[in-house]
Number of protein chains: 2
Amino acid sequence: MSTTNLAGANATPPNRHAMPFVRIELAVLTVTDGRLAVLLGRRAAAPQQGQWALPGGVLRIDLDRDLEAAAQRVAMERLQVPLPFLSQLRATGGPQRDPRAPWALSIAYRALLRFEAFTPSPGKRLEALQWTPADAATTDLALAFDHADLVRIAVDTTRAEIDRLDLPDGFLPDCFTLSELQASCEAILGRRLDKSSFRRRLDDHHVVEPIPGAMRTGAFRPAQLYRKR
Amino acid sequence: MSTTNLAGANATPPNRHAMPFVRIELAVLTVTDGRLAVLLGRRAAAPQQGQWALPGGVLRIDLDRDLEAAAQRVAMERLQVPLPFLSQLRATGGPQRDPRAPWALSIAYRALLRFEAFTPSPGKRLEALQWTPADAATTDLALAFDHADLVRIAVDTTRAEIDRLDLPDGFLPDCFTLSELQASCEAILGRRLDKSSFRRRLDDHHVVEPIPGAMRTGAFRPAQLYRKR
DNA sequence: TCAAAAGTGTTTGGGTTACACCCATGG
DNA sequence: CCATGGGTGTAACCCAAACACTTTTGA
């Protein structure tokens with residue numbers, strides 16, 4: 001034990017070494033057309049021009065208060081809309097990931113949003129945006145960089161959360177019927193759920209609460225409206 | 001498939017923006033003295049000289065093949081031993097995290113290792129190393145930077161893995177008795193487990209298999225030896 | 001033969017599935 | 001009155017906890 005490093009605070013000047021190219025990538029998921037879908041952007045410029053990829057951008061240390069704020073700024077730039085309810089997925093890095101830099105590090109974030117409440121439009125460096133069914137995105141399309149891995153991780157963690165009824169914020173409207181909620185969960189998971197078990201589980205875990213007096217009326221019997229928690 | 005990367009393609013020259021100071025932090029856990037413990041290093045130099053912190057170091061894009069390799073190199077430098085079986089915990093970043101740089105980003109890794117098979121010694125920039133009970137580390141000691149949060153995350157995810165019998169590599173010897181395994185799990189979780197349920201769960205999940213003919217003899221009745229999977 | 005550790009049932013309960021059934025409404 | 005979706009009840013099952021029990025060894 002020991003060897004004091006002389007206090008000469010002059011230990012390592014931090015910027016003695018080159019730092020990697022640090023980016024944020026966004027895996028934005030939604031439910032549309034009865035399935036889980038991921039938002040892909042077509043790259044307007046090299047590298048990988050014309051390829052589909054997750055929207056992303058460079059970390060700006062002069063602008064971003066933290067990583068999540070960086071992700072939100074990137075969302076504004078690429079998707080032209082705010083992006084609430086982010087959760088961090090993972091970081092990946094290496095020398096071969098991006099031809100623009102000798103070493104590229106990406107922090108991936110995920111959001112799960114309501115289709116109706118989120119209408120992005122292609123911002124800087126994107127020719128187009130498109131919702132792609134989640135399972136097709138990881139298999140059929142050849143996504144740029146290592147984004148297929150990131151989509152897979154986003155989808156898997158999201159399905160796991162839904163499985164244990166840990167419902168992410170952002171994909172539920174303020175009020176909804178239990179059947180609507182069940183349909184959303186089924187779309188995300190890609191399989192049918194049993195109505196009775198689903199409802200029992202919901203209230204064992206205190207996931208939702210009825211809104212007193214609020215009912216959805218429609219063609220048939222009115223349905224109780226609920227809110228989260 | 002891919003478009004060639006025209007060197008000058010007027011995409012963004014990546015280094016137009018300053019990049020953050022990128023570090024790796026290591027949360028190395030073990031079981032000793034019947035409890036889960038985390039390896040802390042006493043910082044030899046400013047900032048936070050003399051404070052206890054997770055061992056860590058700067059990402060070196062000239063040396064590291066990827067983030068995990070970076071973590072292994074940092075382990076060699078700080079702990080003087082290799083550090084296998086790493087898993088990524090999370091990334092955190094912001095302008096106030098480290099006075100050495102205007103913006104600091106850390107990627108935290110975790111390892112769970114056998115106490116007997118891992119004897120680190122303080123390397124560069126560390127005065128001392130010490131195993132500290134995991135729960136005390138997050139409460140009693142005032143760890144440097146935001147490392148208390150990282151320890152908490154490391155401990156929580158590790159306990160969750162053990163709970164679901166998703167036993168990380170690296171903390172089991174090649175062969176062991178079921179009682180030894182149970183004792184390790186109890187130490188990590190901080191609570192007693194029922195022998196019978198534990199064993200039934202082990203073989204329902206096919207976590208371990210008996211090594212034919214191998215027995216541990218000792219003071220009392222010999223015990224069957226097992227290996228992982 | 002006894003202490004100590006290895007190892008094996010057996011009962012109970014919580015939680016989930018599967019499935020059947022009733023209720024309310026607009027047409 | 002009936003089609004349709006909202007809503008509830010019940011039995012079976014799976015898993016794990018709790019706890020009691022038998023087995024094998026060295027001293």
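Helix α4 of chain B covers residues 178–189, 12 residues in all, and runs 16 Å from its first C-alpha to its last. That span is close to the 16 Å expected at 1.5 Å a residue. The model is predicted.

**Helix α4 of chain B**

- Of the 12 residues of α4(B), 9 are buried, so the helix is largely enclosed by the rest of the structure.
- The buried residues are L178(B), L181(B), Q182(B), S184(B), C185(B), E186(B), A187(B), I188(B) and L189(B).
- G190(B) follows α4(B) and has a positive phi, near 80°.

**Salt bridges in chain B**

- Side chains of opposite charge can pair when their charged atoms come close.
- R97(B) and D146(B) form a salt bridge through their side chains, at 2.7 Å from N to O.
- R97(B) sits in the loop between β5 (87–94) and β6 (104–113), and D146(B) in the loop between α2 (134–139) and α3 (147–163), so this pair ties together parts of chain B that are 49 residues apart in sequence.
- Both R97(B) and D146(B) are buried.
- A salt bridge also joins the side chains of D163(B) and R191(B), at 2.7 Å from N to O.
- D163(B) belongs to helix α3 and R191(B) to the loop between α4 and α5 (195–204), so the pair ties together parts of chain B that are 28 residues apart in sequence.
- D163(B) is partly exposed at 36% relative accessible area, and R191(B) is partly exposed at 40%.

**Salt bridges in chain A, and the total**

- The side chains of D169(A) and K228(A) meet in a salt bridge of 2.8 Å, N to O.
- This pair links distant parts of the chain, 59 residues apart: D169(A) is in the loop between α3 (147–163) and α4, and K228(A) is in strand β9 (residues 223–228).
- D169(A) is partly exposed, with 42% relative accessibility, and K228(A) is partly exposed, with a relative accessible area of 30%.
- D64(A), R73(A), E77(A) and R78(A) are linked in a network of salt bridges.
- Over all chains, the count of salt bridges is 38.

**Around D194(A)**

- The side chain of D194(A) reaches the backbone nitrogen of S196(A) at 3.2 Å, and a polar contact of 2.7 Å joins the side chains of D194(A) and S197(A).
- Q182(A) is 12 residues from D194(A) along the chain, and their C-alpha atoms are separated by 9.0 Å.

Methods: Residues are numbered from 1 along each chain as its sequence is written. Chains are lettered from A and ligands numbered from 1 in the order in which they are written. This is a predicted model: local features need pLDDT of at least 70, side-chain atom pairs count only at pLDDT 80 or more; totals for chains, interfaces and linings use all residues. Side-chain values use heavy atoms; hydrogens and water are left out. A polar contact is a pair of N or O atoms within 3.5 Å; within protein, one must be able to donate a hydrogen and the other to accept it, and residues adjacent in sequence count only if both atoms are side-chain atoms. Helices (H or I, at least four residues) and strands (E, at least two) are DSSP runs, numbered from the N terminus. The expected span of a helix is 1.5 Å times one less than its number of residues. Buried means under 20% relative accessible area, exposed over 50%, partly exposed in between (1.4 Å probe, protein chains only). A salt bridge is a side-chain nitrogen of Lys or Arg within 4 Å of a carboxyl oxygen of Asp or Glu.
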